[in-house]
Amino acid sequence: MELKLAVADYSFPLLEWEQSLRLAREIGMDGVDIGLFSTGSHLRPDEVLENPEASAASASTALRAHGLQPTDVFGIPGSGFDQNAVNDPDISTREKSAEYFHRILEFTVRCGASHLTLLPGVHFPQEQKNDSLKRAAAELEWRAQAAERAGVKCGIEPHLGSIVPTPEEALQLLELAPTLTLTLDPSHFIRQGISNELVLTLVSRTSHVHVRGAQEGRLQAPLRDNSIKFERFLESLNRHEYPGWMTVEYTWIEWERCNEVDILSETILLRNLLRATQEKIASSRPGAER
């Protein structure tokens, strides 16, 4: 497996967007995940998705100028996880969510990214959780198929507060939506005290990876306090011949106390750890030069 490292543009919200691109290149990253969030991203989805073609052309020009590849487009259509969720029981809201998807997929294709990350939806309390899950699966499956036809992998990020907060529930969703893949972020599971071994059951369906330090009770933690077994994680990705990118995704936001970590320093430390770990794994293979 080739270790392809990227950073998220939304890791550095206090910089201008092109400054975040320049920083990504200066710290040795080859790619950038583009966030399109209703709050908290450099690029505003209401402006970008009003004209996806022109917005994508502008973004592509900026990325090329800094020698970077667009590694993922991550879309969050609301200020809360339930706002414009893919599995909202209200059909008019789902139609609005579908329109959002078509526009963000066009942006993804036109800016040259081959991966799109969406949220999986939530459990709506007025109905049984299984009904919310089945509707999420149906909505996400047609999106994944549409993305595949356009040459884009579509993955969802199982996360705290979603319809699939655990590996078991994520696998249940994937069984119902066979074209769908995962943007795997171990921190959302480790934060809940879920074992590294259980997280690794998701690797075979993973098309994009987010990494940062985490520990039980802490979604984002400095590496000195980290509980994610990155060597075991990389070994599993290597065994599955994972072809995608690994994005170092420290974020500076108030949610889950994520603004209590030195984002830049931890990004560089984790970059170094991943490179050293992958080199160790590669050198230990039979036939590797020593």
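**View 1. Eight strands close into a barrel, in the order 1-2-3-4-5-6-7-8.** The pairing around this barrel is parallel, and from one strand to the next the twist averages 30°. Some terms: strands (E, at least two residues) and helices (H or I, at least four) are DSSP runs, numbered from the N terminus. Two strands pair if DSSP finds at least two bridges between them. Angles run from 0 to 180 degrees between N-to-C directions, with axes as lines fitted to C-alpha atoms, for helices over the stretch in contact. This is a predicted model, where local features need pLDDT of at least 70 and side-chain atom pairs count only at pLDDT 80 or more, while totals for chains, interfaces and linings use all residues. Residues are numbered from 1 along each chain as its sequence is written, and side-chain values use heavy atoms, with hydrogens and water left out.

**View 2. Here we zoom in on strand 3 (residues 69-76).** Seven of its eight residues are buried, so the rest of the structure largely encloses this strand. Buried means under 20% relative accessible area, exposed means over 50%, and partly exposed is in between (1.4 Å probe, protein chains only). Strand 3 pairs with strand 2 in the parallel sense over seven bridges, and with strand 4, also parallel, over two bridges. Look for phenylalanine 74: glycine 35 stands opposite it, and so does threonine 117 in strand 4.

**View 3. Strand 4 (residues 115-118) meets strand 5 (residues 153-156).** These two pair in the parallel sense, with four bridges. Leucine 116 has cysteine 154 of strand 5 opposite it.

**View 4. Phe81, Ile253 and Trp255 make a nonpolar surface patch of about 250 Å².** Patches are made of residues with over 30% relative accessible area and no salt bridge, joining nonpolar side chains (Val, Leu, Ile, Met, Phe, Trp, Tyr) within 5 Å and like charges within 9 Å. A salt bridge is a side-chain nitrogen of Lys or Arg within 4 Å of a carboxyl oxygen of Asp or Glu. Tryptophan 255 sits in the loop between strand 8 and helix 10 (263-283). With a relative accessible area of 37%, tryptophan 255 is partly exposed.

**View 5. Arginine 44 sits in the loop between strand 2 (31-37) and helix 2 (45-48).** Its relative accessibility is 43%, so arginine 44 counts as partly exposed.

Notes. Areas by Shrake-Rupley, 256 points an atom, 1.4 Å probe, with all protein chains shown as cover.
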